[in-house]
Amino acid sequence: MSDFLALTLAEARDGLYRRDFTARELADAYIEAMAAARALNAYCAETPERALAMAAAADQALAAGNAGPLAGIPLGIKDLFCTKDVLSQASSRILEGFKPRYESTVTANLWRDGAVMLGKTAMDEFAMGSSTETAVTGPVTNPWRGEGSNKNLVPGGSSGGSSAAVAAKIALGATGTDTGGSIRQPAAFTGTVGIKPTYGRCSRWGIIAFASSLDQAGPIARTVRDAAILLKSMAGHDPKDSTSINAPVPDFEAALSGDIRGLKVGIPKEYHTTQMPAEIEALWQQGIAWLKDAGAKIVDVSLPHTQYALATYYIVAPAEASSNLARYDGVRYGLRVNNGGGLHDMYAKTRAAGFGKEVKRRILIGTYVLSAGYYDAYYLKAQQVRTLIARDFAEAFKKVDVLLTPTAPSSAFGIGETTDPIAMYLNDVFTVPASLAGLPAMSLPAGLDKAGLPLGLQLIGKVLDEETVIKVGGVIERAAGFAAQPKPWWRS
Amino acid sequence: MSIDLATVRRIAHLARIDIDDAALAPMAGELNQILSWVEQLAQVNTDGVPPLTSVVDAELPRRADVVTDGGYPQDVLANAPRAEHGFFAVPKVIE
């Protein structure tokens, strides 16, 4: 086999099952590619020895005929997932040196099915960001560059290490987490496929918490089929997470029938914003045309509270974060800064040194909106608007089966270019509403902009109906025929 | 509702994050920018609208009130910056 890296996850799986090659050969190819791509800074911890041990176990299982569905598949794991005895820092200084003594449910599910861990992927600190510039290990660089340009671009965020690793073919797939768009926006920026499933589909147990009512794990992969395969292994009921949904996990791959005749696709008119670049509007129209050609019925719908989604999110998420991040106090794990000033001084100094700027900003906003006298004006109000946003979707889904929108309002931007917090927050304008309503959504690459950078389209489905999202995604993927790839400038 | 320096100091204390006096004013500016942006929610009529506290229509699962986990203090203490005699160790509390 001359080029292992060119295989999709589904092709690699089938090749391994046919014994065309071994998991060891595949792992060797990826370990070598990962080491040769350090210029991207996508991995914050590489675990080649563990990868080889897991590949050996996969080869044994394949030989014995009892291999799991992901046997021998090398993956990158976002640093938000606790992985036993492997650094798990949420890309934050405050978790310096933290090696959990336990494994998150989602990663345990992947290892149960035979997957191989290549390492941990960097992210915006505590998943708070849209560019992966705030990782304690430094910014991650997008493998994509504009046509004829040497400018380094962001890979999106917060799952930017994962999206960069998949796009650069230094992982066959990766885990991400999405609180307001952190799987879908990086997928759009890197020409990859990302699925945020229904809230509760994947267990949150062992995932370092950011905003618990929104956080949800999902896959980033090269194709819709690959993402569907990964999601099947990641998902499932878990008694250790009280918000985990106790419903059967469908065979998501089987949803890729290609037949969407008669399916009703909603186009929310509020997503036509005035600031949206013409190219993205045009790509959206192209997506509509592809679905029409495949026999779907296009229906205009309205989600009237869309414009309030971001502001709602930026009250709810910081409020939950300020509570969740109270646990980092220098006592039980991670960093401790102690200048001999007593316990309270140690707390405040540890947190001052351990958290980055954006994390501090959000903790302070969250503390403020939850504080006495402001709770009703901010937090309660935001929770009420969240109800209205969820109702908008429920109304729309009485008329349609799935919604089609752009994923992000731009293609990847340059590292260091966006310094204003609110300008950064606006990246998630199209992804946040589905997060607030807990709905499944996917981003997939649908074309390139003038500069030659990938653009994504988003599909939003009904609660627990990832299958329709995947089915429609498969149709767009085939129609778009997205075959562009970044030039491997990073290879050393 | 605008945040002044005393308020930033107060919420930083509530959040147990040490902030230098020199950093208070820039932080107040950033927080005010974000708060004035989220104040657009005041335009939305939410009379009689219940707050959304859970996106999944599921009853909180119950289980028997029995111990199901534990018994490994070494694992619990393994990541502590300081542990002594099987406990987390912290600086002396002087009040």
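A:Thr107 counts as buried because its relative accessibility is 0%, under the 20% cut-off. This is a predicted model. A:Thr107 sits in helix H4 of chain A, which covers residues 105–112. Its side chain makes a polar contact of 2.6 Å with the side chain of A:Ser104. Setting aside neighbours within four places in sequence, A:Thr107 is in contact with A:Ile77, A:Phe81, A:Cys82 and A:Thr83.

A:Thr177 is the other threonine described here. It lies in strand E4 (residues 173–178) of chain A. Its relative accessibility is 2%, so A:Thr177 counts as buried. The side chains of A:Thr177 and A:Lys78 are joined by a polar contact of 2.7 Å. Beyond four places in sequence, the contacts of A:Thr177 include A:Leu80, A:Phe81, A:Ser158, A:Ser159, A:Ile207 and A:Gln216. A:Phe81 is in contact with A:Thr177 and also with A:Thr107. A:Pro409 is 232 residues from A:Thr177 in sequence. The C-alpha atoms of A:Thr177 and A:Pro409 are 20 Å apart.

## Helix H8 of chain A

Helix H8 of chain A spans residues 278–293, 16 residues in total. Its first and last C-alpha atoms are 22 Å apart, close to the 22 Å expected at 1.5 Å a residue. Which residues of H8(A) are buried? They are A:Ile280, A:Leu283, A:Trp284, A:Gly287, A:Ile288, A:Trp290 and A:Leu291. These residues cover an arc of only 160° around the axis, so they are on the same side of H8(A).

The face turned away from that buried side carries exposed residues: A:Ala278, A:Lys292 and A:Asp293. Just after H8(A), A:Gly295 takes a positive phi of about 100°.

## The interface of chains A and B

How many residues of each chain are in contact? The count is 66 residues of chain A and 50 residues of chain B. The area buried between the two chains is about 5,000 Å². Carbon and sulfur atoms give 70% of that area. A:Leu364, A:Tyr368 and A:Ile422 supply 13% of the area that chain A buries against chain B, more than any other three residues.

Polar links also cross the interface of chain A and chain B. There are 18 residue pairs in polar contact, both residues at pLDDT 80 or more. Helices H9 (309–324), H10 (343–354), H11 (357–370), H12 (375–396), H13 (421–425) and H14 (432–437) of chain A each supply at least two residues of the side that touches chain B. H12(A) gives the most, with 13 residues.

## Helix H2 of chain B

Helix H2 of chain B runs through residues 21–38. Its 18 residues should span 26 Å at 1.5 Å a residue. The end C-alpha atoms are 26 Å apart, which agrees. Buried residues in H2(B) include B:Leu24, B:Met27, B:Glu30, B:Leu31, B:Ile34, B:Leu35 and B:Trp37.

What covers the buried residues of H2(B)? The cover includes H9, H11, H12 and H13 of chain A. Helix H1 (5–14) of chain B is also part of it.

## Salt bridges

Over all chains the count comes to 29 salt bridges. Across the interface of chain A and chain B there are 4. One joins the side chains of B:Glu30 and A:Arg361, at 2.8 Å from N to O. B:Glu30 and A:Arg361 also belong to a network of salt bridges with A:Lys357, A:Glu358 and A:Arg362. B:Glu30 is itself one of the buried residues of H2(B).

Other pairs lie within one chain. A:Asp20 and A:Arg18 form a salt bridge, with their closest N and O atoms 3.0 Å apart. A:Asp20 is partly exposed at 46% relative accessibility, and A:Arg18 is exposed at 55%. A:Arg261 bridges to A:Asp259, with the closest N and O atoms 3.0 Å apart. A:Arg261 has a relative accessible area of 64% and is therefore exposed. A:Asp259 is partly exposed at 34%. In chain B, B:Arg82 pairs with B:Glu84, and the closest N and O atoms are 2.4 Å apart. B:Arg82 is partly exposed at 42%, and B:Glu84 is partly exposed at 34%.

Methods
Residues are numbered from 1 along each chain as its sequence is written. Chains are lettered from A and ligands numbered from 1 in the order in which they are written. Side-chain values use heavy atoms; hydrogens and water are left out. Helices (H or I, at least four residues) and strands (E, at least two) are DSSP runs, numbered from the N terminus. The expected span of a helix is 1.5 Å times one less than its number of residues. Buried means under 20% relative accessible area, exposed over 50%, partly exposed in between (1.4 Å probe, protein chains only). The arc is that of the directions from the helix axis to the C-beta atoms. Contact means heavy atoms within 4.5 Å. Buried area is the accessible area (1.4 Å probe) that two parts lose on being put together, summed over both. A polar contact is a pair of N or O atoms within 3.5 Å; within protein, one must be able to donate a hydrogen and the other to accept it, and residues adjacent in sequence count only if both atoms are side-chain atoms.
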